[in-house]
Amino acid sequence: MFTRTALFEGKILEGQEDAFFSAVEERLLPIWQRLPRVQDVRLYKPVRRDADAPEIFLVLEIDYPSIEAIEEAMASPERELAKSAHEAIMPMYEGRHYHLVSLRLANFLAASG
């Protein structure tokens, strides 16, 4: 399994936090869930960080069965919809977002349960 992670680094503008998270859940999440071959979508709002860690205010993880599935999703019409929806939330924060693609090496919780 492969996970494409988006890290949103910076800060949400003062007074925009509720509107930002509402827009993410109501507009972006449904699009991300409709991307081709998606297996799971998870959103995280960090609540603590190390003193020297970057200021991450949102983490998005989307699971796919393969790198080819990620490429298919990135070339899809749904991805274009996600880009447009993302542009609508950009004025609510200062900073950047970037992506990592990771190969899951093990699922320790399932293996120990």
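I count a salt bridge when a side-chain nitrogen of Lys or Arg is within 4 Å of a carboxyl oxygen of Asp or Glu.

**Ground rules.** I am working on a predicted model, where local features need pLDDT of at least 70, side-chain atom pairs count only at pLDDT 80 or more, and totals for chains, interfaces and linings use all residues. Residues are numbered from 1 along each chain as its sequence is written, and side-chain values use heavy atoms, with hydrogens and water left out.

**Salt bridges.** By my rule I get eight of them. I looked up Lys45 and Glu17, whose side chains meet at 2.8 Å, N to O. Lys45 sits in the loop between β2 and β3 and Glu17 in helix α1 (residues 17-34), 28 residues apart.

Next came Glu9 with Arg96, a salt bridge at 3.3 Å, N to O. This pair links strand β1 to strand β4 across 87 residues. Glu9 is partly exposed at a relative accessible area of 21%, and Arg96 is partly exposed at 47%. My classes are buried under 20% relative accessible area, exposed over 50%, and partly exposed in between (1.4 Å probe, protein chains only).

Then I checked Arg42 and Asp63, whose closest N and O atoms are 2.8 Å apart. Shared partners join Asp40, Arg42, Glu61 and Asp63 into one network of salt bridges.

**The sheet.** I read an open sheet of four strands in the order β2-β3-β1-β4, with antiparallel pairing. β2 (40-44) and β4 are at the edges with a single partner strand each, so one side of each has no neighbour in the sheet. I call two strands paired if DSSP finds at least two bridges between them; β2 and β3 have five, in the antiparallel sense. Tyr44 stands opposite Val59 in β3.

**Helix α2.** Which residues of α2 (residues 67-74) are buried? I find Ala69, Ile70 and Ala73. Down the axis of α2 they fall within an arc of 100°, so they line one face of the helix. I take that arc from the directions from the helix axis to the C-beta atoms. On the other side, Glu68 and Glu71 are exposed. The buried residues of α2 pack against β1 (2-12), β3 (56-64), α3 (77-89) and β4 (93-103), with contact meaning heavy atoms within 4.5 Å.

Methods
Helices (H or I, at least four residues) and strands (E, at least two) are DSSP runs, numbered from the N terminus.
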